[in-house]
Amino acid sequence: MENKVYIAGAGSGDIGNLTVKVYEIIQKSDVILYDNLVSDEIVLLSKKNAILVDVGKIAGYHKVKQDEINSLLVHYSQIYKIVLRLKGGDPYIFGRGGEEALYLFENNVDFEVLPGISSISSVPASFGIPLTHRDLSSSFYVVTGRKKNSKTLDENDFINLSNMKNTTLVFLMSTNIYDKIAKGLINAGKSPDTKSVILCRGTTANAKKFEYSLLDLSNIKDTSIFET
């Protein structure tokens with residue numbers, strides 16, 4: 001068996017959302033490089049002698065830069081049989097998994113991508129919120145609150161989003177900028193009475209839901225209340 005890297009999704013928080021295939025790879029891996037959103041409960045499924053490397057990122061702070069993570073994957077793949085890059089949710093949805101896969105390909109490293117259950121649909125569903133409903137929303141649109149180089153959404157983004165009809169808007173990675181998103185949508189023409197929901201730590205025992213109109217959300221000054 002040749003050395004191989006797996007880029008895998010750990011699902012959306014609850015260990016029950018871990019796929020069987022990812023569970024099996026966790027138990028076999030010699031090295032696991034894991035993200036901040038992967039719970040300790042999942043990481044501890046690893047075998048006793050596995051090398052565990054915390055490369056998690058939080059807003060404004062990266063323990064290990066992306067270039068270094070890429071290099072570590074190649075480095076460990078030259079030494080160990082099974083190297084696992086374990087990411088929250090699905091590795092190819094806002095998780096830089098595509099960048100890592102491309103780097104491995106360019107460096108002739110054998111790899112495989114294992115999909116995971118994304119928070120996009122599983123978290124709303126865990127709160128009883130359907131993203132589509134025949135009487136309300138015929139589609140949904142997912143957008144990140146932060147672009148590359150920490151840039152946020154701009155006026156044109158909000159205009160495009162506000163013009164979407166019968167569409168549920170899902171914002172990911174929007175910690176501490178909920179009020180700015182609400183103001184941006186209102187300024188772009190979205191009704192201030194539009195219902196919005198903030199979902200925190202979905203599918204876990206500490207899950208919380210906050211419901212507001214866009215106007216109320218835009219006036220919240222202390223967004224740290226969503227982190228408590």
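Tyr92 is partly exposed, with a relative accessible area of 46% (buried is under 20%, exposed over 50%, partly exposed in between, for a 1.4 Å probe and protein chains only). The model is predicted: local features need pLDDT of at least 70, side-chain atom pairs count only at pLDDT 80 or more, and totals for chains, interfaces and linings use all residues. Residues are numbered from 1 along each chain as its sequence is written, and side-chain values use heavy atoms, without hydrogens and water.

Tyr92 lies in the loop between strand E6 (82-87) and H4. Helices (H or I, at least four residues) and strands (E, at least two) are DSSP runs, numbered from the N terminus. Leaving aside neighbours within four places in sequence, Tyr92 contacts Gly97, Gly98, Ala101 and Val113 (contact means heavy atoms within 4.5 Å). The C-alpha atoms of Tyr92 and Glu112 are separated by 12 Å.

Helix H3 (residues 66-77) and helix H4 (residues 97-106) have axes that come within 10 Å and cross at roughly 45 degrees. Axes are lines fitted to C-alpha atoms, for helices over the stretch in contact, and angles run from 0 to 180 degrees between N-to-C directions. The contact is made by Gln66, Ile69, Asn70, Ser71, Leu73 and Val74 of H3 and by Glu99, Glu100, Tyr103 and Leu104 of H4.

In helix H6 (residues 155-162), the buried residues are Asp157, Phe158, Leu161 and Ser162. Seen down the axis of H6, they fall within an arc of 125 degrees, so they line one face of the helix. The arc is that of the directions from the helix axis to the C-beta atoms. The face turned away from the buried side of H6 carries the exposed residues Glu155 and Asn156. Cover for the buried residues of H6 includes strand E8 (139-144), strand E9 (167-172) and helix H7 (178-187).
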